[in-house]
Amino acid sequence: MEPFRSVRGGGARVSLAAAEASLLRSLVGQVMSLVEPDDLEGPRPGSGPGPDPGEDAELAALEAMVHGPGADKPPEDPILARLLPDGYRDDPDAAGEFRRYTEPALRSAKHQAAQEMLDTLPESGGRIQLSQDQALSWLKALNDVRLALCVRLGVTEEFEEQWGQLKPDDPQWSAFEVYAWLGAVQESLVQAMK
């Protein structure tokens, strides 16, 4: 991959090979499905055909989502727990209350950034030009993919050492290579955005 280049007026451009685009689309799609907001699974009250159930029903649905069972508990999946961290590490009650009110919006924002990246990333790769906002969505989505892979691989601050201890025929070696490549893509985009 060639590095991202700045675009006059903001944004960035890059050319990606088909294999690079395919890998990025796959990884972003996987993270996107993990963070998918609950309200994307079906119609919200008042959004479908038929009579509008009214403001009271919408408020009741919102209350059920915010105060429903488990709304204040951190995700059991370690990747989701990393992507949707507690707001207060030393106070479980405050963390639960914070999560209850912020997790739906955080999920939605992560899902939206991933969708924008997929919308601007052709399946066949090629030359891609991103606006400033699109580039920021790419940065967010890339960061989430790297965090997910970091958890899956058990990456520590000694990443280079961990990777160096693997043999090239070890299945994790390729995953570490992808993790390093994602870091280079992200860093290239950050530099182009300066």
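This is a predicted model: local features need pLDDT of at least 70, side-chain atom pairs count only at pLDDT 80 or more; totals for chains, interfaces and linings use all residues.

Residues are numbered from 1 along each chain as its sequence is written, and side-chain values use heavy atoms, with hydrogens and water left out.

The chain has seven helices and three strands; these are DSSP runs, helices being H or I with at least four residues and strands E with at least two, numbered from the N terminus. Their order from the N terminus is β-β-α-α-α-α-β-α-α-α.

Of the 194 residues, 35% are buried, meaning under 20% relative accessible area with a 1.4 Å probe, protein chains only.

Next, the core. The largest nonpolar core has 43 residues; such a core is a set of buried Ala, Val, Leu, Ile, Met, Phe, Trp, Tyr and Cys residues joined through side-chain atoms within 4.5 Å. Phe-4 and Trp-138 are among the members that touch the most others. Phe-4 is in contact (heavy atoms within 4.5 Å) with residues including Val-14, Trp-138 and Leu-189.

Last, the helix pair. In H1, Leu-24, Leu-27, Val-28 and Val-31 meet Trp-138, Leu-142, Asp-144, Val-145 and Ala-148 of H5. By type, the residues of this contact are eight nonpolar, no polar and one charged, with Ala, Val, Leu, Ile, Met, Phe, Trp, Tyr, Cys and Pro counted as nonpolar, Asp, Glu, Lys and Arg as charged, and the others, Gly among them, as polar.

Terms used: Buried means under 20% relative accessible area, exposed over 50%, partly exposed in between (1.4 Å probe, protein chains only). Lists of a residue's contacts leave out its neighbours within four places in sequence.
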